[in-house]
2 protein chains.
Amino acid sequence: MSGDSSATDKATLPFSEQHYFSSYDHFGIHEEMLKDTVRTLSYRNAIMKNKDLFKDKVVLDVGCGTGILSMFAAKAGAKHVIAVDMSNIIEMGQKIVDLNGLGDKITLLRGKLEDVVLPYKKVDIIISEWMGYFLLYESMLDTVLYARDHYLVEGGLIFPDKASIKLALIEDGNYKDEKIHYWENVYGFDYSPFIDIAMAEPLVDIVDNNSVVTNAVTVSEIDINTVKISDLPFETPFKLKAFRSDLVHAVVAWFDIDFPFDSKNGEKVTFSTGPHAHYTHWKQTVFYLNQVLDVKKDEVVEGMIASRPNAQNPRELDLEIQWDFKAQGEGDSRAQAGKHNYFLR
Amino acid sequence: MSGDSSATDKATLPFSEQHYFSSYDHFGIHEEMLKDTVRTLSYRNAIMKNKDLFKDKVVLDVGCGTGILSMFAAKAGAKHVIAVDMSNIIEMGQKIVDLNGLGDKITLLRGKLEDVVLPYKKVDIIISEWMGYFLLYESMLDTVLYARDHYLVEGGLIFPDKASIKLALIEDGNYKDEKIHYWENVYGFDYSPFIDIAMAEPLVDIVDNNSVVTNAVTVSEIDINTVKISDLPFETPFKLKAFRSDLVHAVVAWFDIDFPFDSKNGEKVTFSTGPHAHYTHWKQTVFYLNQVLDVKKDEVVEGMIASRPNAQNPRELDLEIQWDFKAQGEGDSRAQAGKHNYFLR
């Protein structure tokens, strides 16, 4: 229990104004993102612990939301911050920026980055929190690359500037029962048509690090300073070695992020969204195999993962995973190979 | 860990077909509703433990989804079940009904109930799971009443047939800090404009029964056999008495449900979505007061709650709560009165 403060002790809002407030797109999403301390503190540290990079610079915040990253950049000494977002949350962003006395340092512009007119021809630094589930799902990276190609000065910095997608194999029998086999008997009825749907939709959920059975490998590395949109689809072979004997039900994927830093007086900031790391709102992404692999310590599963934007909706992803587990080789009844398609819709 | 079954061990789906599957509206919602065992087992028991009511009857399932209630009714001996839903989930419903050998007993019709042509002029029983958060938010009750008025025979039954909304006062300081006071200092910035939004949106969440400080009262009772749409808005005074001394931060509201039963051979089924009851996906609804009441054991808080559909969008609710806590009467500095508006959008 705690006492109340006077901050909420104000006149109640009329319904008309409440309706206005409630129309802010995805208020809950902004709450979740701000309360994701790994995310927000990583950005804060990357900016505030490398102030020399920001001093007197012009900064562009792509997809600014409530303006938190812009305010960090202003506090770090930026000459001016331009903050762009197409959502009406930017109206709240404007209120908050003004309330915190940063209205003269930060210019908020509502619209698509491709459409708005910036008050500068070039910017020194781009900051953006563009990452989606599995890094690329519904991500704004395309917009960040547009900003880079149209507005970033030669030698300018992008926060963050590196991203990589990693994966490993996991034991996940109990949860697979709940998410997949559940449909075999629903209150006595056969709901198995749902199994295809459940198997095709990767699960965004928290994976216990104790479920991980193999080493992790990087299957996509993105240098945001140089990557082109056409480089983003990938098809990467992998080899994963079990560090213990266990059943394998699924691939778990996550991403890691790096920020630029001032090599003289600064501090390098990175964070991971993997099962070994602290919780983030991105959690991990789980792809169930339609087989169970009975893997012994030190055995290797070879495979391939492919990711490309969906042809109809490029913000969605079509994924394919192949696996080839040879166990001890010819004649070993544990050997299995397969492949499965997934979509992030 | 558990072994895999052959049910999922089928050829992988092409992306084209996956996209088709993925287009089912709100697959995850149907999963959540089916896995809500309080909800689904209550319907199953209400139907299967009162089979005499269903034997050889024509049944209409309003908003059938995957068809689970229709299948219960068919198993209970219904002559025929007509199942209506406007979502494309009904295509999965058709597959599941056929797979379970009930295709001749259940006719699924996609469309708005007001538009589809039923194969019967009258039905003996209406079944529907129409309840929303706070009972009435985005609820389908209007459609159930339409079905009753146009299709139900004189003396026909509606499952469920009674619903009531209840409320009590709770101590919720820690969570109020997290949801409301959080915005006073967000990484060093003043985000207080969000407090108005957070205060105006009732929170749909699980309330620990140990948080409840007063008795509970019923503020709306609905007899689905007779209620008219125009009866649904309510404005009800309440008196709540503290059974212990504590701070009061919020009103918690929930609903209870009753089903008809066969008084000879049947069994009455009811369930509650209150904080004292087992988890349901409806959880509870919490309305924060913009004051903290310092209530002693046996003291009474009087008040009023009003609920009406929003003028622009009748599926949304405008709510008002007033409270008047006199404490020990004149001169008691703990006395406080106030009111606040809320919306369920």
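User: Which residues of chain A do ring pairs link into a cluster?

Analyst: Rings of Phe, Tyr and Trp (its six-membered ring) pair if their centres lie within 6.5 Å, and planes under 30 degrees apart count as stacked, over 60 as edge-to-face and the rest as tilted. In this predicted model, the cluster joined by ring pairs consists of A:Tyr43, A:Phe54, A:Phe159, A:Phe255, A:Phe259, A:Phe271 and A:Trp282.

User: Before we go further, what conventions apply to the numbering and to the values?

Analyst: Residues are numbered from 1 along each chain as its sequence is written, while chains are lettered from A and ligands numbered from 1 in the order in which they are written. Since the model is predicted, local features need pLDDT of at least 70 and side-chain atom pairs count only at pLDDT 80 or more, whereas totals for chains, interfaces and linings use all residues; side-chain values use heavy atoms, with hydrogens and water left out.

User: How many aromatic pairs does the structure hold over all chains, and how is the pair of A:Phe134 and A:Phe287 classed?

Analyst: Over all chains there are 30 aromatic pairs. The ring centres of A:Phe134 and A:Phe287 are 5.6 Å apart and their planes stand at 75 degrees, so this pair is edge-to-face. The pair connects distant parts of the chain, with A:Phe134 in the loop between strand S4 (123-128) and helix H7 (141-151) of chain A and A:Phe287 in strand S12 (residues 284-295) of chain A, 153 residues apart. Helices (H or I, at least four residues) and strands (E, at least two) are DSSP runs, numbered from the N terminus.

User: Are A:Phe134 and A:Phe287 buried or exposed?

Analyst: Buried means under 20% relative accessible area, exposed over 50%, and partly exposed in between, with a 1.4 Å probe and protein chains only. Both A:Phe134 and A:Phe287 are buried. Of the 345 residues of chain A, 57% count as buried, and the chain has nine helices and 15 strands.

User: How should I read the packing of two helices, and at what angle do the axes of H3 and H5 of chain B cross?

Analyst: Two packed helices are described by the angle between their axes and the distance between the axes. Here the axes are lines fitted to C-alpha atoms, for helices over the stretch in contact, and angles run from 0 to 180 degrees between N-to-C directions. In chain B, the axes of helix H3 (residues 37-48) and helix H5 (residues 68-75) come within 9 Å and cross at roughly 25 degrees. That makes H3(B) roughly parallel to H5(B), given that angles under 35 degrees count as roughly parallel, over 145 as roughly antiparallel, 65 to 115 as roughly perpendicular and the rest as oblique.

User: Which residues of H3(B) and H5(B) meet?

Analyst: With contact meaning heavy atoms within 4.5 Å, B:Thr40, B:Tyr43, B:Arg44, B:Ile47 and B:Met48 in H3(B) meet B:Ile68, B:Leu69, B:Phe72, B:Ala73 and B:Lys75 in H5(B). By class, this contact has seven nonpolar, one polar and two charged residues, where Ala, Val, Leu, Ile, Met, Phe, Trp, Tyr, Cys and Pro count as nonpolar, Asp, Glu, Lys and Arg as charged, and the others, Gly among them, as polar. H5(B) is mostly covered, as seven of its eight residues are buried, including B:Met71 and B:Phe72. After H5(B) comes B:Gly77, with a positive phi near 105 degrees.

User: At what angle do H2 and H3 of chain A pack?

Analyst: Helix H2 (residues 27-35) and helix H3 (residues 37-48) of chain A pack at about 65 degrees, with their axes 5 Å apart. A:Met33, A:Leu34 and A:Lys35 in H2(A) meet A:Thr37, A:Arg39 and A:Thr40 in H3(A), and these residues divide into two nonpolar, two polar and two charged.

User: Which residues does the cis peptide bond of chain B join, and what is phi of B:Leu135?

Analyst: B:Phe159 and B:Pro160 are joined by a cis peptide bond with omega about -5 degrees, and B:Pro160 is found in the loop between strand S5 (152-159) and strand S6 (162-170) of chain B. In chain A, the peptide bond from A:Phe159 to A:Pro160 is cis, with omega near -5 degrees. Phi of B:Leu135 is near 65 degrees, a positive value in a residue other than glycine, and B:Leu135 counts as buried at 0% relative accessibility. B:Tyr187, which is not a glycine either, has a positive phi of about 50 degrees and is buried, with a relative accessible area of 16%.
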